[in-house]
Amino acid sequence: MELEHKAYRDLKTCNFEPSELRANQLLQMNALDELRNESYTNSLIYKEKTKRWHDARLKGNKELEAGQNVLLYNSRLKLFLGKLRTRWSGPFKIKKVFPYGVIELWNKDGSSFKVNVHRIKHYEEGMPSEERIEEGMDLEKSATT
C-alpha cells in the first residue's frame with residue numbers, strides 16, 4: 001500500500017498522467033510487435049533466398065559430358081580424416097556417361113573405373129599446384145630478404 005502511494009506521488013510530481021502513460025506504453029508495445037513481425041518476415045525471406053541459392057548450386061550444374069574434368073569424393077577418408085585433409089581426389093577425365101547415374105572415369109595411369117554420379121563434382125580449373133608451390137617459395141624468399 002505504501003509503495004503504491006509513493007509511486008503515485010512520484011508520478012504526480014513529474015506531471016505524468018497515468019492515462020497518458022498507459023497509452024504511451026500501449027503504443028510502444030504495438031511498435032515492438034510490428035518490429036517483431038517485420039523481422040520474422042524478413043528472416044523467412046532470407047531463408048527462402050538462401051535455400052534457393054544453395055539448391056541451385058547443389059542440384060544444378062550436373063550436366064556431365066565425356067572429356068570433362070571432375071573431382072571424386074573419397075568416402076573412406078571419413079574414418080581417418082585429418083583436420084585439414086580434403087576428401088576430394090582428382091581431377092579425373094570422364095570417359096563415358098551411362099544412364100541412371102553411372103560414369104566411367106579415366107585414371108591417371110590410363111585405367112578406367114565406374115562411379116556413381118553423386119560422388120563427383122565439376123573440377124574448376126585454376127592455377128596448377130606446381131605454380132602455387134613455386135609462387136609460395138618466391139614469397140618465402142622475399143620475406144626472408
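1. Partly exposed here means a relative accessible area between the two cut-offs, buried being under 20% and exposed over 50%. Asp 33, with a relative accessible area of 37%, is therefore partly exposed. Keep in mind while reading that this is a predicted model.

2. First, the overall layout. The protein chain has 3 helices and 5 strands, and from the N terminus on the order is α-α-β-β-β-β-β-α. Buried residues account for 10% of the 145 residues. The accessible surface is about 12900 Å², and carbon and sulfur atoms hold 56% of that. As for contacts between residues at least 6 apart in sequence, 41% of them join residues at least 24 apart.

3. Back to Asp 33. A search of the whole structure turns up 2 salt bridges, and one of them pairs Asp 33 with Arg 36, with the closest N and O atoms 3.0 Å apart. Both residues sit in helix α2 (residues 18-59), 3 residues apart, or about one turn of the helix. Arg 36 has 48% relative accessibility, so this residue counts as partly exposed, as does Asp 33 at 37%.

4. A salt bridge also joins Glu 104 and Lys 95, where the closest N and O atoms are 3.8 Å apart. The cut-off is 4 Å between a side-chain nitrogen of Lys or Arg and a carboxyl oxygen of Asp or Glu, which is why a pair at 3.8 Å still makes the list. Is Glu 104 buried or exposed? With a relative accessible area of 13%, Glu 104 is buried, while Lys 95 is partly exposed at 35%. In general, side chains of opposite charge can pair when their charged atoms come close.

5. What surrounds Glu 104? The residue belongs to strand β3 (residues 102-106). Neighbours within four places in sequence aside, its contacts are Lys 93, Ile 94, Lys 95, Lys 96, Phe 98, Ser 112, Phe 113 and Lys 114. Two residues from that list, Lys 114 and Phe 98, also meet each other: Lys 114 lies over the face of Phe 98, at 4.6 Å from the ring centre.

6. On to the aromatics, where the count is 2 pairs. Tyr 73 counts as buried at 18% relative accessibility, and Trp 88 as partly exposed at 29%. Trp 88 also has a charge over its face, from Lys 121 at 4.4 Å from the ring centre.

7. Phe 92 and Phe 113 are also an edge-to-face pair, at 5.6 Å centre to centre and 90° between the planes. Phe 92 is in strand β2 and Phe 113 in strand β4 (residues 112-116), so the pair ties together parts 21 residues apart in sequence. Phe 92 is buried at 9% relative accessibility, whereas Phe 113 is partly exposed at 26%.

8. Which residues make up the largest nonpolar core? There are 10 in all: Leu 64, Val 70, Leu 72, Phe 92, Ile 94, Ile 103, Leu 105, Val 115, Val 117 and Ile 120. Strands β1, β2 and β3 are the elements that give two or more residues to this core. As a rule for soluble globular proteins, nonpolar side chains tend to be buried together.

9. Val 70 gives a view of that core from one of its members. Leaving out neighbours within four places in sequence, Val 70 contacts Leu 64, Pro 91, Phe 92, Ile 94, Leu 105, Ile 120, Lys 121, His 122 and Tyr 123.

10. Two backbone spots to look at. The peptide bond from Gly 90 to Pro 91 is cis, with omega near 15°; Pro 91 lies in strand β2 and is one of the contacts of Val 70. Tyr 100 has a phi near 65°, a positive value in a residue other than glycine. Tyr 100 is in the loop between β2 and β3, and with a relative accessible area of 83% this residue is exposed.

Methods. Residues numbered from 1 in each chain as written. Predicted model: local features only at pLDDT ≥ 70, side-chain atom pairs only at ≥ 80, totals over all residues. Heavy atoms only, no water. Helix = DSSP H or I, 4+ residues; strand = E, 2+ residues; numbered from the N terminus. Buried < 20%, exposed > 50% of the residue type's maximum accessible area, 1.4 Å probe, protein only. Contact = heavy atoms within 4.5 Å. Areas by Shrake-Rupley, 256 points an atom, 1.4 Å probe, with all protein chains shown as cover. Phe/Tyr/Trp six-rings, centres within 6.5 Å; stacked < 30°, edge-to-face > 60°. Lys NZ or Arg CZ within 6 Å of the ring centre and 35° of its normal. Core = buried A, V, L, I, M, F, W, Y, C linked by side-chain atoms within 4.5 Å.
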